[in-house]
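Subject: Structure handover

Hello,

Here is the structure you will be looking after. Please open it first, then read my notes below.

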Amino acid sequence: MNIAIVGVGLIGGSIGIRLKQTNFCKKIIGVERSELNQQKALQLGLVDEILSLDEALKSCKIIILTVPVDAILSLLPNLLDKVTDQVVIDMGSTKTNILKLISEHPHRGRYVAAHPMAGTEYSGPEAAVPGLFKDKMMVYVEAFKSDEDAFELADALTDQLEMKTSFMNADEHDMHTAYVSHISHLTSFALALTVLEKEKSQGRIFELAGSGFQSTVRLAKSSPDMWTPIFKQNRTNVLEVLEEHIHQLQKLYSKLEKEDYEGLHKLIKKSNKIKRIIK
């Protein structure tokens with residue numbers, strides 16, 4: 001069995017590394033628009049060969065889409081037009097618009113919507129790392145609409161990645177990811193912009209940047225080519241969580257402005273309850 005990975009960056013490349021370790025498939029085919037990334041993927045051994053999408057479709061049983069979500073929206077309908085018994089797995093971070101787009105497609109059953117809750121702030125083939133997915137969560141979205149054999153093959157691949165599994169509908173998935181993933185990136189982007197603005201007048205500010213700042217702002221290094229489409233496709237949910245986040249910031253601002261340190265202490269203590277969720 002051959003597998004095609006469309007978009008050989010952090011996620012696609014890390015899948016390639018792991019599948020090579022497990023010998024899950026005979027050959028891993030890379031489909032990559034950037035010639036530089038094609039060369040890197042081959043040099044790093046993330047894939048065995050580079051082909052066009054049409055060529056890969058003819059020789060592969062599984063096609064994994066690990067490109068930005070706007071590219072998935074563009075590629076998926078035409079790709080499903082051409083499949084016969086192949087399985088197409090989309091690993092994008094938003095699902096509602098994608099699933100609406102192909103909901104009535106005659107080959108809908110050959111498609112599995114999945115989202116690996118794993119990643120780093122880096123991008124490109126050189127960002128791929130072994131073990132990226134181990135013990136992380138793979139979310140299947142509307143899995144009941146996939147053909148049984150298609151889902152079983154996708155789930156076998158998830159087993160190779162050593163991931164846990166969860167099942168959600170599209171709206172539930174997009175809302176939850178807005179709260180636990182997308183807002184984290186927006187907050188990090190905002191913090192980076194705040195500090196960069198201050199750096200204009202206080203050039204030595206980064207000399208004091210310790211581990212706390214680094215861990216909070218590291219996501220600001222994430223690719224705008226990946227994250228702008230995510231915010232666009234999940235706009236309604238992201239705006240909702242962003243509104244609540246701004247509200248909480250305003251509460252903290254108000255306590256500090258009014259020198260209500262007892263109230264500030266209570267808000268911080270309340271936030272500590274997150275320890276029940278994140279150990």
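Predicted model: local features only at pLDDT ≥ 70, side-chain atom pairs only at ≥ 80, totals over all residues.

Contact here means heavy atoms within 4.5 Å.

**A threonine in a loop**

T94 sits in the loop between strand 5 (87-90) and helix 5 (96-101). Is T94 buried or exposed? T94 is buried, with a relative accessible area of 3%. Set aside the neighbours within four places in sequence, and T94 is in contact with V69, H173, D174, H182, I230, Q233 and N234.

**Salt bridges**

How many salt bridges does the structure hold? The count is 15. Some of them are worth a look.

Start with D147 and R110. They form a salt bridge, and their closest N and O atoms are 3.0 Å apart. D147 lies in the loop between strand 7 and helix 6 (148-160), and R110 in the loop between helix 5 and strand 6, so this pair ties together parts that are 37 residues apart in sequence. D147 is partly exposed, at 31% relative accessibility. R110 is buried, at 8%.

Next, find E121. Its relative accessible area is 9%, so E121 counts as buried. E121 forms a salt bridge with R218, with the closest N and O atoms 2.7 Å apart. E121 is in the loop between strand 6 and strand 7, while R218 is in the loop between helix 8 (211-217) and helix 9 (224-233), so the bridge ties together parts 97 residues apart in sequence. R218 is partly exposed, with a relative accessible area of 33%.

E121 also meets K221 in a salt bridge, at 3.7 Å from N to O. This pair, too, links distant parts of the chain: K221 is in the loop between helix 8 and helix 9, E121 is in the loop between strand 6 and strand 7, and they are 100 residues apart. K221 is partly exposed, at 48% relative accessible area.

Salt bridges link R18, K134 and E162.

**Two helices**

Now go to helix 10 (residues 235-257) and helix 11 (residues 261-271). Their axes come within 8 Å and cross at roughly 150 degrees. How do they run? An angle over 145 degrees counts as roughly antiparallel, so helix 10 and helix 11 are roughly antiparallel to each other. Their crossing is left-handed.

Which residues of helix 10 and helix 11 meet? From helix 10 come K251, L252, K255 and L256; from helix 11 come Y261, G263, L264 and L267. By type, the residues of this contact are five nonpolar, one polar and two charged.

Most residues other than glycine have a negative phi.

N23 is not a glycine, yet its phi is positive, near 55 degrees. N23 lies in the loop between helix 1 (10-22) and strand 2 (27-31). Its relative accessible area is 64%, so N23 is exposed.

D135 is not a glycine either, and its phi is positive at about 65 degrees. Look for D135 in the loop between strand 6 (111-117) and strand 7 (137-141). D135 is partly exposed, at 48% relative accessibility.

Best wishes

Technical notes:
Residues numbered from 1 in each chain as written. Heavy atoms only, no water. Axes fitted to C-alpha atoms, helices over the stretch in contact; angles between N-to-C directions. Helix = DSSP H or I, 4+ residues; strand = E, 2+ residues; numbered from the N terminus. Parallel < 35°, antiparallel > 145°, perpendicular 65-115°, else oblique. Left-handed = near helix turned anticlockwise from the far one by under 90°. Nonpolar A, V, L, I, M, F, W, Y, C, P; charged D, E, K, R; others polar. Buried < 20%, exposed > 50% of the residue type's maximum accessible area, 1.4 Å probe, protein only. Salt bridge = Lys/Arg side-chain N within 4 Å of Asp/Glu carboxyl O.
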